[in-house]
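Here are my notes on this entry, for someone opening it for the first time. Please keep the structure in view while reading.

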Amino acid sequence: MSPVTSLAKRSQVCQQEARLILAKILSFIFSFGLSQLDEDLDEEFKDDDTWTMLIEQLYVFAREHGPRVSARLMAMGGPVGSCNNCGQDTVDLVWKRCSLCGHEYERDQDEPN
Ligand SMILES: [Zn+2]
């Protein structure tokens with residue numbers, strides 16, 4: 001492997017690690033805000049394009065934050081389904097809406113898994 005190829009691969013690994021760290025930090029901040037400060041920062045970010053960017057472009061964020069959202073939904077006692085849009089177990093089956101990506105499910109159409 002040439003030094004240039006090695007450097008390019010190392011740079012790619014560093015970018016992946018940086019995205020994972022960023023995803024973990026963001027997920028922690030959102031969860032901490034809700035559990036310790038009673039601030040639902042998710043909902044504030046969902047009001048603009050930031051949340052959509054996080055879910056659609058920073059895939060590791062959905063993987064990191066999805067289980068936390070799913071655990072919160074289960075703790076509230078609601079039935080939870082899997083979202084066809086983001087792939088996380090974050091669909092509130094009572095409201096027919098994904099609590100992570102916001103995808104809405106109409107009755108008898110596009111049912112969550
Ligand atoms: Zn979703």
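1. Read along the sequence, the pattern is α-α-α-α-β-β-β. That makes four helices and three strands. Bear in mind that this is a predicted model.

2. The protein is more spread out than a compact globule, because its radius of gyration is 17 Å, well over the 13 Å that the globule rule gives for 113 residues. Its C-alpha trace spans about 55 × 35 × 25 Å along the principal axes. Of the 113 residues, 21% count as buried.

3. Look at α1 next. Its 34 residues should span 50 Å at 1.5 Å a residue, and the end C-alpha atoms are 48 Å apart, which agrees. The number of buried residues in α1 is two, so this helix lies largely in the open.

4. What follows α1? Asp38 does, with a positive phi near 55°. Glu39 sits in the loop between α1 (3–36) and α2 (41–46). Glu39 counts as partly exposed because it has 13 C-beta neighbours inside 10 Å. Leaving aside residues up to four places away in sequence, Glu39 touches Gly33 and Leu34.

5. The largest nonpolar core has 14 residues. Those touching the most other members are Ile55, Cys83, Cys86, Cys98, Leu100 and Cys101. Both α3 (49–57) and α4 (59–75) supply at least two residues of this core. α4 gives the most, with four. In soluble globular proteins, nonpolar side chains tend to be buried together.

6. A last point concerns contacts. Among those between residues at least 6 apart in sequence, 38% join residues at least 24 apart.

Note on methods
Residues numbered from 1 in each chain as written. Predicted model: local features only at pLDDT ≥ 70, side-chain atom pairs only at ≥ 80, totals over all residues. Buried ≥ 20, exposed ≤ 12 C-beta atoms within 10 Å, placed from the backbone. Contact = placed C-beta atoms within 7 Å. Core = buried A, V, L, I, M, F, W, Y, C linked by C-beta atoms within 7 Å. Expected span 1.5 Å × (residues − 1). Rg over C-alpha atoms; globule rule 2.2 N^0.38 Å.
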